[in-house]
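Please keep the sequence and the structure in view while reading.

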Amino acid sequence: QVQLVESGGGLVQAGGSLRLSCAASGSIFIINAMGWYRQAPGKQRELVAATTRGGSTNYGDSVKGRFSISRDNAKSTVYLEMNRLKPEDTAVYYCHANIVSSSALYDYWGQGTQVTVSS
């Protein structure tokens with residue numbers, strides 16, 4: 001059993017910053033990719049940022065230059081630093097991890113954390 005627990009969402013004014021955290025726990029052998037996705041009302045879930053175990057990163061076009069993803073492998077935790085937030089960043093943010101557990105590879109998702117950016 002593996003759990004992803006997110007924290008750090010909330011309400012912020014446009015131009016402000018927030019930091020999201022996601023910690024993985026449970027029966028984990030190794031964590032491959034970790035990342036963040038978001039889903040706004042009426043829209044499809046989209047990639048925000050992702051990082052490999054080795055530290056390579058990938059960002060959605062709309063957040064490049066404003067958001068930064070990092071991870072602490074020793075703590076099985078991934079972070080998302082969000083700067084210069086815009087109202088269009090408002091969404092539920094979901095943590096994702098690709099984890100080897102019980103000799104098999106699985107995709108896990110967090111419960112989601114709401115980020116609201118007011119104009």
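## Strand E9 and its surroundings

In this predicted model, strands E9 and E10 form a hairpin with two residues between them, and Ser-102, which lies in the turn, has a positive phi of about 55°. E10 covers residues 104-109 and runs antiparallel to E9, to which six bridges join it; within this pairing, Ile-99 stands opposite Tyr-106 of E10.

E9 also pairs with two further strands. With strand E4 (residues 30-39) the pairing is antiparallel and extends over eight bridges, one of which has Met-34 facing Ala-97 in E9. With strand E11 (residues 113-118) E9 is joined by three bridges, again in the antiparallel sense, and here Val-92 has Gln-114 of E11 as its bridge partner.

| Partner of E9 | Residues | Bridges | Sense |
|---|---|---|---|
| E4 | 30-39 | eight | antiparallel |
| E10 | 104-109 | six | antiparallel |
| E11 | 113-118 | three | antiparallel |

How many of the eleven residues of strand E9 are buried? Ten of them are, so this strand, which spans residues 91-101, is largely enclosed by the rest of the structure.

## The nonpolar core

The largest nonpolar core has 29 residues, and those with the most contacts inside it are Trp-36, Leu-80, Met-82 and Tyr-93. Strands that each supply at least two residues of this core include E1 (2-7), E3 (18-26), E7 (67-72) and E8 (77-82), together with E4, E9 and E11. The largest share, five residues, comes from E9. Apart from its neighbours within four places in sequence, Tyr-93 is in contact with a set of residues that includes Trp-36, Leu-80 and Met-82, and among the others are Glu-6, Arg-38, Phe-67 and Val-115.

## Two loop residues

Arg-66 is placed in the loop between strand E6 (57-59) and E7. Is this residue buried or exposed? Arg-66 has a relative accessibility of 6%, and it counts as buried because the cut-off for that class is under 20%. Its side chain is joined to that of Asp-89 by a polar contact of 2.7 Å, and, leaving aside neighbours within four places in sequence, Arg-66 is also in contact with residues including Glu-81, Met-82, Asn-83 and Arg-84.

Pro-41 lies in the loop between E4 and strand E5 (46-51). Ile-31 is ten residues away from Pro-41 along the chain, and the C-alpha atoms of the two are separated by 30 Å.

Technical notes:
Residues numbered from 1 in each chain as written. Predicted model: local features only at pLDDT ≥ 70, side-chain atom pairs only at ≥ 80, totals over all residues. Heavy atoms only, no water. Buried < 20%, exposed > 50% of the residue type's maximum accessible area, 1.4 Å probe, protein only. Helix = DSSP H or I, 4+ residues; strand = E, 2+ residues; numbered from the N terminus. Pairing = 2+ DSSP bridges. Core = buried A, V, L, I, M, F, W, Y, C linked by side-chain atoms within 4.5 Å. Contact = heavy atoms within 4.5 Å. Polar contact = N/O pair within 3.5 Å; in protein donor to acceptor, adjacent residues only side chain to side chain.
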